[in-house]
Amino acid sequence: MARAAVPGRLTWRVATVGAARRETPSARTLVLDVPDWPGHLAGQHVDVRLTAPDGYRAQRSYSIASAWTNNGRIELTVQRLDDGEVSPYLTDTVEVGDQIELRGPVGGWFVWRAEQPAPVLLVGGGSGIVPLMAMIRARGTAGAKQPFRLIYSVRTPEDVLYGEELRRRVRDDAGLDVHYVYTRKSPPELALPPKRIDVAALNTYGWPPDFAPDCFICGPTAFVETAADILVALGHDPRRIRTERFGGTS
Ligand SMILES: Cc1cc2nc3c(=O)[nH]c(=O)nc-3n(C[C@H](O)[C@H](O)[C@H](O)COP(=O)(O)OP(=O)(O)OC[C@H]3O[C@@H](n4cnc5c(N)ncnc54)[C@H](O)[C@@H]3O)c2cc1C
């Protein structure tokens, strides 16, 4: 019997920018209408491909920021790297109504499913918050009760992504805690100097290893390696630590 052709995960699709939101001066969320989007798990990403008029192509990966809600839309949040090839186009040039090619969802390891019973520790650096936010949103959509702790390392208060939504969710989503580590400038009310992620932060604001949490760490490569090493040194089971490296070194 002949079967209808079903677009697969690795099929390039032409998505339309349905809306765009500025998150910070250097980061923007694109809401994309994707034909035949098959759905996704929190933590997965897409590959985005841009083609210049002369045929030159550039491809980058972007985590899906939104939880799957069956409306054919996904959200990406892109942090601009001033010397970057692709990110400045997505944060500053692309407009509502424009089309971009993407394929996915990609990734089956760095994902959180609402059926996972363990408490969750999320550790994000910079734009590494994006797939972790998808997990927080998926937890909210599912009405899941597993306790979640997010440790979010960010340069300054002005660079925080999803700040309002995180505040609202901490108030409304029982069992969600958020702790910020500011690396360059702390808010005045904190009366603490900026610092990088360290043993004290992960020990104080994470879960004890005895709770056997599922740990998800995402951000620049060096950040991810530091945080993973600390969690292992604190006694967390390496098999429960999942990492996603965005590249870069800072
Ligand atoms: C699985 C995955 C998911 C990702 N999800 C997101 C996401 O949700 N949001 C997002 O903004 N980015 C995300 N990234 C990073 C993204 O793919 C690009 O690397 C980033 O947008 C830079 O691309 P560019 O073309 O602007 O810079 P490039 O032209 O590729 O690089 C410019 C300069 O920046 C350095 N650089 C590249 N990437 C980084 C980085 N992440 N941090 C610091 N320096 C860097 C390069 O070494 C180079 O010096 C993800 C990466 C991966 C692998």
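Predicted model: local features only at pLDDT ≥ 70, side-chain atom pairs only at ≥ 80, totals over all residues.
Me: Which residues come nearest to the ligand?
Reply: Arg60, Ser61, Tyr62, Gln79 and Ser87 do, out of 22 residues around the ligand (a residue counts as near if one of its heavy atoms lies within 4 Å).

Me: Which side chains have a polar atom by a ligand oxygen?
Reply: Arg60 has a polar side-chain atom 2.8 Å from an oxygen atom of the ligand, and an N or O atom in the side chain of Tyr62 is 2.7 Å from a ligand oxygen. A polar contact here is a pair of N or O atoms within 3.5 Å.

Me: And what does Glu85 contribute, backbone or side chain?
Reply: A backbone N or O atom of Glu85 lies 3.0 Å from an oxygen atom of the ligand.

Me: Which element supplies the largest share of the shell?
Reply: Strand 4 does, with 4 residues; it spans 57-63. Strands are DSSP runs of E of at least two residues, and helices are runs of H or I of at least four, numbered from the N terminus.

Me: How does the shell divide by class?
Reply: There are 7 nonpolar, 10 polar and 5 charged residues. Asp, Glu, Lys and Arg count as charged; Ala, Val, Leu, Ile, Met, Phe, Trp, Tyr, Cys and Pro as nonpolar; and the others, Gly among them, as polar.

Me: Turning to pockets, where does the ligand sit?
Reply: The ligand takes the space of the largest pocket, where more than half of its atoms lie within 2 Å of the grid points. A pocket is an open set of points on a 1 Å grid over the protein atoms alone, where a 1.4 Å probe fits, with protein on both sides within 12 Å along at least five of seven lines; lining residues have an atom within 4 Å of a point.

Me: What is the volume of the second largest pocket?
Reply: About 290 Å³, a volume being the space filled by probe spheres set on the points. Of its 16 lining residues, His179, Tyr180, Val181, Leu190 and Leu192 are closest to its centre.

Definitions and conventions. Residues numbered from 1 in each chain as written. Heavy atoms only, no water. Polar contact = N/O pair within 3.5 Å; in protein donor to acceptor, adjacent residues only side chain to side chain.
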